[in-house]
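This report describes one protein chain for a reader who has not seen it before. It starts at a single residue and then moves out to the chain as a whole.

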Amino acid sequence: MTSRWGARLLAGLLAVGVLSGCALLVPEDERQAHYEAFLEERAELRDWSVRGRAALRADGEAVSLSLRWQQRGESYTINLSGPFGAGAVRIEGQPGQVTLRDGAGQSATAQSPEDLLAAQTGHRLPVTALRDWIVGRPAAGLGVDELSLDRAGRPDRLEQAGWEVDFQGWTEVDGMDLPSRVDLHSGSTQMRVALSGWSRGDG
């Protein structure tokens, strides 16, 4: 190999490293240490709220929703609405009981948000796990089948309970990195959640 071709090969390899985010250039033990600090920081995060939009594709159907999620310890309130506020529903939950109320005053109750949404929409979505994924950490109580970290030690991609979770962006909120977009995929079901307006604490 001539020196000219050697230089081109080296330049190509460096370009690939840059384009892939340089995660591999950060030592594994360093990224792992950042990840452990990342999880410790999130362990204290019990109260938060966020707005966003969710796009769901499942069984040939496509639905786009606006959402506002307010988490207070183990209790949560999720407001969902379609374009221009159509089909607004409010989901209020705590361990063992979830209630959905629509704009017409109708309500339904189930033991879990997954059961409730399956009964109301026909789609079984990982709402309980999403509470953790939405703040950037693996879902509690579920095994982690795969986890990759970015150069800052944040989750880049993880797999749990048959769902692939890709963290596509982050935003800093009061010194803490929180996701600005999360993509989920399981079989023929895909969901993209764009997040904004993060608030930490009970404010």
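## Gln70 and its neighbours

Leaving aside residues up to four places away in sequence, Gln70 touches Trp48, Ser49, Ser75, Tyr76 and Thr77. The model is a predicted one. Gln70 sits in strand S2, which runs over residues 61-72. Val50 is 20 residues from Gln70 in sequence, and the two C-alpha atoms are 6.7 Å apart in space.

Is Gln70 buried, exposed or partly exposed? Its relative accessible area is 32%. Buried means under 20% and exposed means over 50%, so Gln70 falls in between, as partly exposed.

## The chain as a whole

The chain is made up of 203 residues, and 39% of them count as buried. Its secondary structure consists of four helices and eleven strands.

Among contacts with a separation of 6 or more, 38% are between residues 24 or more positions apart.

## Helix H2

Helix H2 covers residues 28-43, which makes 16 residues. At 1.5 Å a residue, H2 should span 22 Å, and the distance of 23 Å between its end C-alpha atoms agrees with this. The buried residues in H2 include Arg31, Tyr35, Phe38 and Arg42. Because these residues cover an arc of only 55° around the axis, they are on the same side of H2.

What covers the buried residues of H2? The cover includes strand S7 (146-149), strand S8 (155-160), strand S9 (163-173) and strand S10 (176-186). On the face turned away from the buried side, H2 carries the exposed residues Asp29, Glu40 and Ala43.

## Helix H3

In H3, the buried residues are Pro113, Glu114, Leu116 and Leu117. They cover an arc of only 160° around the axis, so they lie on the same side of H3. Their cover includes S3, S4, strand S5 (97-102), strand S6 (107-110) and H4.

Just after H3 comes Gly122, which takes a positive phi of about 85°.

## The largest pocket

The largest pocket has a volume of about 500 Å³. Its lining is formed by 26 residues, and those nearest its centre are Leu56, Leu65, Leu80, Leu117 and Leu125.

Several elements give two or more residues to the lining: strand S1 (47-58), S2, strand S3 (75-81), strand S4 (89-94), helix H3 (113-121), helix H4 (127-133) and strand S11 (189-200). Which element gives the largest share of the lining? That element is S2, with five residues. S2 is also the strand that holds Gln70.

## Two loop residues with positive phi

Most residues other than glycine have a negative phi. Asp59 is not a glycine, yet its phi is positive, about 55°. Asp59 is in the loop between S1 and S2. Its relative accessibility is 58%, so Asp59 counts as exposed.

Asp174 also has a positive phi, near 50°, and is a residue other than glycine. Its place is the loop between S9 and S10. With a relative accessibility of 65%, Asp174 counts as exposed.

Note on methods: Residues numbered from 1 in each chain as written. Predicted model: local features only at pLDDT ≥ 70, side-chain atom pairs only at ≥ 80, totals over all residues. Heavy atoms only, no water. Buried < 20%, exposed > 50% of the residue type's maximum accessible area, 1.4 Å probe, protein only. Contact = heavy atoms within 4.5 Å. Expected span 1.5 Å × (residues − 1). Arc of directions from axis to C-beta. 1 Å grid on protein atoms, 1.4 Å probe; cavity = no way out; pocket = protein on both sides within 12 Å on 5 of 7 lines; lining within 4 Å. Points joined across faces, edges and corners; volume = space filled by probe spheres on them.
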